[in-house]
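Here are some notes to read beside the coordinates. They are in numbered points, beginning with a question.

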Amino acid sequence: MIVEYIRYTIPAEKRAAFESAYSQASASLDASPHCLSYELSRAVDEPEAYVLRIEWDSAEGHLQGFRSSPEFRAFFTAIGPYVGNIAEMRHYGLTNVVSDKGAS
């Protein structure tokens, strides 16, 4: 598994449309067997700053599987207008430093 983080800077006048676009795009993430989970968060102290966190089954699953799928085309149609607002996009591997507080 890998985690992709995408940081966006979205001006106030585009925030509602941006969040709506990601609500629409989430159907494509839900439909992909390569996407394990995702969340879009907005900074409380800097409301123009957003972070999208996506867990993928693998780098290959994301880059070759999802990006070559019909789901990606629908995803990109929804969020394409905001690609220019990306401040950073990276894939991360997990380390052994984790919390198990949520485990039962």
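1. Which element gives the most to the lining of the largest pocket? It is α3, with 4 residues. Keep in mind throughout that this is a predicted model.

2. The pocket itself. The largest pocket holds about 180 Å³ of space. Its lining is made up of 18 residues. Nearest its centre lie Ile6, Arg67, Phe72, Phe75 and Met89. By class, the lining residues are 15 nonpolar, 1 polar and 2 charged. Besides α3, the elements β1, α1, β3 and β4 (86-92) each supply at least two lining residues.

3. The core. The largest nonpolar core has 20 residues. Those touching the most other members are Tyr8, Phe18, Tyr22, Leu29, Trp56, Phe75 and Ile79. Two or more core residues come from each of β1 (2-9), α1 (15-31), β3 (49-56) and α3 (70-79). Here α1 gives the most, with 5 residues. As background, nonpolar side chains in soluble globular proteins tend to be buried together.

4. Phe75 deserves a look of its own. Phe75 is among the core residues that touch the most other members. Phe75 is also one of the residues nearest the centre of the largest pocket. Setting aside neighbours within four places in sequence, Phe75 is in contact with Tyr22, Ala25, Ser28, Leu29 and Phe66.

5. Strand pairing. How many bridges link β1 and β3, and in what sense do they pair? There are 8 bridges, and the sense is antiparallel. Across this pairing, Ile2 stands opposite Trp56 in β3. Trp56 is also among the core residues with the most contacts to other members.

6. Strands β2 and β3 run antiparallel and are joined by 7 bridges.

7. Pro70. Pro70 and Ser28 are 42 residues apart along the chain, yet their C-alpha atoms are separated by 8.6 Å. Ser28 is also one of the contacts of Phe75.

8. To sum up α3: it gives two or more residues to the core, and it gives the most to the lining of the largest pocket.

Notes: Residues numbered from 1 in each chain as written. Predicted model: local features only at pLDDT ≥ 70, side-chain atom pairs only at ≥ 80, totals over all residues. Heavy atoms only, no water. Core = buried A, V, L, I, M, F, W, Y, C linked by side-chain atoms within 4.5 Å. Buried < 20%, exposed > 50% of the residue type's maximum accessible area, 1.4 Å probe, protein only. Contact = heavy atoms within 4.5 Å. Pairing = 2+ DSSP bridges. 1 Å grid on protein atoms, 1.4 Å probe; cavity = no way out; pocket = protein on both sides within 12 Å on 5 of 7 lines; lining within 4 Å. Points joined across faces, edges and corners; volume = space filled by probe spheres on them. Nonpolar A, V, L, I, M, F, W, Y, C, P; charged D, E, K, R; others polar.
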